[in-house]
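Student: Can we go through this model together? I have a few quick things to ask.
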Amino acid sequence: MYVNAPDYSWKPVAHTADLAIAITASDRTGLFNAALEGLLGTIDLKTDSRDDEKIKEFRINIDAKVIEETLVDFLNDCIYMMEVGEQVPFRLEDVVYNDGVLQAILKSRPVREEERTEIGHIKAATYSSLEVKINDGIYSATIIFDT
Amino acid sequence: MTKWELGIPHLTKEDENLYRLGREYLPGMRVPGLLYVSEKLMKQASKDNALSQVANVATLPGIVNASLAMPDIHWGYGFVIGGVAAFDPRRKGIVSPGGVGYDINCGVRLLSTHLDADENKKYIEPLVDTIFNTVPVGVGKGGRIPFKGKKMERLLRDGAEAIVDEGLSWPEDLTYLEEGGAMDGADPSQVTQRAMERGKMQCGSLGAGNHFLELQRVDEIFDQEAANAYGLSRGMLTVMIHTGSRGLGHQTCDDQLKVMRDAARKYEISLPDRQLACAPLDSREGRDYVSAMACAANFAWANRSILVHLVRNSFEKVLGQSAEALGLHIVYDVAHNIAKWEVHEVDGKRTRLLVHRKGATRAFPAGHKDLPDRYMNVGQPVLIPGDMGSASWVLRAQPKAMEETFGSACHGAGRAMGRREAKRKIDISDLIKQMDRRGIIVRAGSKKGLVEEAPEAYKDVDAVVDVMHETGISTRVARMKPLAVIKG
């Protein structure tokens, strides 16, 4: 079963050694948000923000050659932000994607106390078997995370 | 030669514990795949994408002889886990971060003691509690000693020796670490600030996932000569540590993969999987990766040395004697995610190759120049951690490993069940009861993580070891049963 909004979604898929997700979206903005929510959902982190939490906004500019590499770079930046920056990125807005280059606003909130044991469960998003496919205007991909 | 009965195309059974994946399996394979597995393990391995990953590696430039898989083979990312591949620079061979993995120099260290486990049973629980309260365990748990600036550079260049100089490790420890605890050619300038930032508070921490620290009892000796050389005897209390290069290694791999994906395009290397991104060994990108990887490997040896320091302190505190008097000596330390320059015989000629081991252990036999004097006549101890409910093994590397597997053996039991499947199928309270029935004390940083590591999630380590023994690649020396397990 896919989780999330109608224009993008993610679901866990089986993998023997690590963790994997399948994502779908009606556009590239949705694809990146599906990947982000899939990353957070995989380690049981919430994609919400609370009134008492200070929300930060980061302007991101990821310069890769193809969308698969952009996706991996984006997710690994998010993993780094959680592990080192102690911020949980939860929403991507104002997305502009062109030929591997992603420009967007990334919103984040502080890591919650109960989430500290989850941060770091995923070492990295991998390129393994990653291919973004477009069928009837729907984008889809499977992403394997190293755990 | 018989076609394997499950009918996988181009997979043939060569011997009782050896299968060949023919070059016809995947267009572009330069060499066949050779899998050291029993029929039972072959059936498990063929359930997912592991065979395709063996085939993918066989397409890489400069690969020598075969793409090898050990009996703990399972589906990973890029290279198969349990994979071994050697590349020849004279045949345009490559280096691939995907052949090492994110946890660079994930490895195992075994400590012996002078203690009989049964006679000291009353100390096991206080020991495990003291260690659990001393060793930073679990994701997000950093080490107690910050490594920054020059101190970090020294650590990356000199590995475990830097910890000796800090006064936290014994000088003789270095003799019993693969590579002496530091790879040559480590250049800290190849490690990004981002990687150093991610690792600066993590040296001296266990981490999570499949990493563990166990108190064990030597349950059975199978080879007395080797056991004597390794300082192991029946009933002995031992300590096994399994961890790697933590966030510094993960980030180094990620950083270098970005370089490698561009390098693969630059050098027009066709890749069946982007995770196999690579560069020629004689290219700047290839050399830089090997230097950066060596730094992360050195970080991992230093990490395990600090953990040994914390274990020795815990033993001293609980037993009221010095670690020296308690005989807390290192039996050996092996790296099982690494790429190393080694000399092997290819077509009758001694050839310098870069051997990738991704979930595989170096296994150098008696007489090899890289062994410590004490092991020169018996061969290298090969440390094989099992799951937390069954057993771990010490094997003895045999000459056949040099003849057939580039001096390599398996690295563990290998997963049989995915992490999500384990969480779905295994109940935490049942698992704790099961461990209690077996008399194994468990301390864990996360209950969720513990379920993922349940014994049922792993293959039978004895079956994996049987293949190594029966093929003569590495033979049984000692089996250790867990008494207490600390998991991240």
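Tutor: First, a term: helices (H or I, at least four residues) and strands (E, at least two) are DSSP runs, numbered from the N terminus. This is a predicted model, where local features need pLDDT of at least 70, side-chain atom pairs count only at pLDDT 80 or more, and totals for chains, interfaces and linings use all residues. Residues are numbered from 1 along each chain as its sequence is written, chains are lettered from A in the order in which they are written, and side-chain values use heavy atoms, with hydrogens and water left out.

Student: Where does N17(B) lie?
Tutor: In the loop between β2 (11–15) and β3 (18–21) of chain B.

Student: Is N17(B) buried or exposed?
Tutor: N17(B) has 7% relative accessibility, so it counts as buried. Buried means under 20% relative accessible area, exposed over 50%, partly exposed in between (1.4 Å probe, protein chains only).

Student: And what is N17(B) in contact with?
Tutor: Leaving aside neighbours within four places in sequence, L35(B), Y36(B), V37(B), S38(B), V467(B), E470(B) and T471(B). Contact means heavy atoms within 4.5 Å.

Student: New topic. How many cavities of 30 Å³ or more are there?
Tutor: The search of the whole structure finds four. On a 1 Å grid over the protein atoms alone, a cavity is a set of points where a 1.4 Å probe fits but cannot get out; lining residues have an atom within 4 Å of a point. Grid points are joined across faces, edges and corners, and a volume is the space filled by probe spheres set on the points.

Student: What is the volume of the largest cavity?
Tutor: About 680 Å³. Its lining has 47 residues, with K123(A), T147(A), N210(B), H242(B) and R419(B) nearest the centre.

Student: Which element gives the largest share of that lining?
Tutor: α8(B), with three residues.

Student: What about the second largest cavity?
Tutor: Its volume is about 60 Å³. Residues from chains A and B line it, including T147(A), H121(A), K423(B) and E452(B).

Student: How many residues are in the largest nonpolar core?
Tutor: There are 218. Such a core is a set of buried Ala, Val, Leu, Ile, Met, Phe, Trp, Tyr and Cys residues joined through side-chain atoms within 4.5 Å. Helix α9 (residues 284–319) of chain B gives the most, 18 residues.

Student: Last one. Why is strand β12 of chain B largely enclosed?
Tutor: Because six of the seven residues of β12 (residues 329–335) are buried. Six bridges join β12(B) to strand β8 (residues 107–112) of chain B, and the two run antiparallel. Strands pair if DSSP finds at least two bridges between them.

Notes
On a 1 Å grid over the protein atoms alone, a cavity is a set of points where a 1.4 Å probe fits but cannot get out, and a pocket is an open set with protein on both sides within 12 Å along at least five of seven lines; lining residues have an atom within 4 Å of a point.
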